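Dear colleague,

I am passing on the structure we spoke about, with some notes on what came out of it. Please look through it below before reading on.

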Amino acid sequence: MQYIDLLKKYFGYDSFREGQEEIIKSILSQVDTLAIMPTGGGKSICYQIPSLILDGITIVISPLISLMKDQVDGLNQIGIPSIFINSSLTRKELEKYYHEILNNKYKIIYLAPERLENVEFLEKISQIKVSQVAIDEAHCISQWGHDFRNSYLKILDFLNLLQERPIITAFTATATLKVKDDIIKQLKMKPNIFITGFDRKNLKYSIIKGISSLEFIKNYLKEHKDESGIIYASTRKEVEKIHTELEKKGYNIGKYHAGLKDREREQYQNDFLNDNTPLIVATNAFGMGIDKSNVRFVIHNNLTKDLESYYQEAGRAGRDGLNSDCILIFNPKDISTQRFFIENSPFHSSEEILRRKYEKLNLMVNYCHTSNCIRSYVLEYFGEIPIENCNNCSNCLDQNEEIDITIIVQKIVSCIGKTGMRYGINMIVGILSGSKNKNLLNWNLDRQSTYGVLSEYSQKEIRSYIDLLIGNGYLEITNGEYPIVQLKSTAISFIKNKENFYMKSIKIEKKVLSENIEVLIELKKIRKNIATREKVPPFLIFSDKTLDELSTKLPQNKIEMLEISGVGEIKYKKYGAEFLEFISTIIPLEEE
Ligand code: ADP
């Protein structure tokens, strides 16, 4: 069978994505292959399809156990016999699997790199023909990468132990030249190299400024009900705060950070993967092992340390190819948090590394400030040719709407003026919000006429309005040990001339509902039932994209159902009837 037929038969897809076909051809011509493709670009198919054609077994080395299980479940779902071997298996399971491997039951074996040093495993594997060793997340072998793993250095010894040298294939989404060269050097490869574009067109990048992040998140979630999303925050404390706030609002939301017990973390992660809790708020500890395809949005509540991390974390959105949001909420305060992390990083060894980290942070901050296309900024950062207007980022799409905040500005200016321009920002915020702060009460500031006039806003919001007025040259902060807020002449003429003040604010787009939303909801229920029965996450049964297509095309028979993207033969056999049966209740089946 030709590789193109295998794509439809097993995976249910009609055409290859950029790079896939060339990479598969290269592997099938027995040449080592290094592929650099963006997250969600479809790397797995590049080694999985050849594994069906090559006559021995394919070993996939992957760093994370949780990812392995999903991959293997997914492959077995579509009829490609696969197994993973890692420390989570019992002795009995291990013996059974070794026996089956020796009897050629499997096409693909997933391994954690640590297993490569296991004598028993090496003894077993030396008895069979290994035709391909695919190295996933290959940047882990390089100290220049952002996720170096010592155990990856053992791969070369392992390759040398095999009777015949297999084809070596390496996959990563990390693009830098240094990392690429290092992978080739460390693995002693002579590869064909494929670098596909980094641009993921279905991701819309946005930067939000000048609004309380919690307020933004709440508004966003209101418009994106029932969607699955990740909210990243930079500290455990912040994760807890957002989690509590959103839970209070009635959202079904999980959390994930290093301070939770292993068991708790695992439970939250599984609930997220299984769509029991569609939302999760997490530190960057979350995600490496997450391969959930139907994540519709990734919101960063805080700045990340560099664009590599941002691109990787935000890239967990939209792996199924459907339009998804990547939103970063910028708050200047986060720059100092990141600086603190750099200064206190346990790993930094030299001045040179520190300097590089600061440089990367600066480029990350510039990403938030640029008024040009931010997609282009990312592409350029990764060494690609910039574009002028992508039409799918917050700078290119003028999403801003003007909000009249004249009254708020009048109240702030008046408060500062009436209290004699003698206080710092915190005290002004305290007065406007009606705080019961001890100093404030001692100084009788609660008797001011502007006390509590902005009490309907949070202190953080009031602070961001003041920041905006500083940025716009209405207010200034004096230098010195006790900086105070002062009015500038623009603020005085603003009051005198009864001017208006408009703030640009991000418009939250209403969720675009599927054309056939009721049907889609029912299809999701069927998927969830099957997933529970089969003990795998729902997206491994069918992706959101497949359900979307089912809900609009409403296939009436096997032929029509097989035309839907993501429906392969095995999956049709297993689940086709259940879905067709339901769809037939919407439109009566025509006589065949
Ligand atoms: P990566 O490992 O590069 O991040 P994956 O291999 O996990 O990406 O693929 C991401 C998603 O894209 C998966 O849901 C996969 O089934 C899907 N996919 C891969 N190739 C194709 C294709 N040719 N057509 C449609 N969907 C595809």
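**Domains and their contact**

Between domain 2 and domain 3 an area of about 440 Å² is buried, and carbon and sulfur atoms give 46% of it. On the domain 2 side, the residues that lose the most area to domain 3 are G210, S212 and E215, which together make up 60% of what that side buries. Please keep in mind throughout that this is a predicted model.

Counted by residues, the contact between these two domains involves eight from domain 2 and four from domain 3, while the centres of the two domains, taken over C-alpha atoms, are separated by 31 Å. To place them in the protein as a whole, the domain assignment gives domain 1 as 2-195, domain 2 as 203-381, domain 3 as 403-503 and domain 4 as 517-584.

**The ligand and its surroundings**

The ligand is surrounded by 15 residues, of which Y13, S15, G40, S44 and R319 are the closest.

Which atoms of S15, Q20 and R319 come up to the ligand? For S15 it is a polar backbone atom, placed 2.9 Å from a nitrogen atom of the ligand, whereas Q20 has a polar side-chain atom 2.9 Å from a nitrogen atom of the ligand. R319 brings a polar side-chain atom to 2.9 Å from an oxygen atom of the ligand. Taken alone, the ligand exposes 570 Å², and the protein buries 83% of that area.

**A loop residue, S234**

Finally, S234 is found in the loop that runs between β9 (229-232) and α10 (236-248). If its neighbours within four places in sequence are left aside, S234 is in contact with N302, T337, Q338 and F341.

With best wishes

How values were computed. Residues are numbered from 1 along each chain as its sequence is written. This is a predicted model: local features need pLDDT of at least 70, side-chain atom pairs count only at pLDDT 80 or more; totals for chains, interfaces and linings use all residues. Side-chain values use heavy atoms; hydrogens and water are left out. A residue is near a molecule or strand if one of its heavy atoms lies within 4 Å of it. A polar contact is a pair of N or O atoms within 3.5 Å; within protein, one must be able to donate a hydrogen and the other to accept it, and residues adjacent in sequence count only if both atoms are side-chain atoms. Accessible areas come from the Shrake-Rupley method with a 1.4 Å probe; for residues, only the protein chains shown count as cover. Domain bounds come from an automatic or database domain assignment. Contact means heavy atoms within 4.5 Å. Buried area is the accessible area (1.4 Å probe) that two parts lose on being put together, summed over both. Helices (H or I, at least four residues) and strands (E, at least two) are DSSP runs, numbered from the N terminus.
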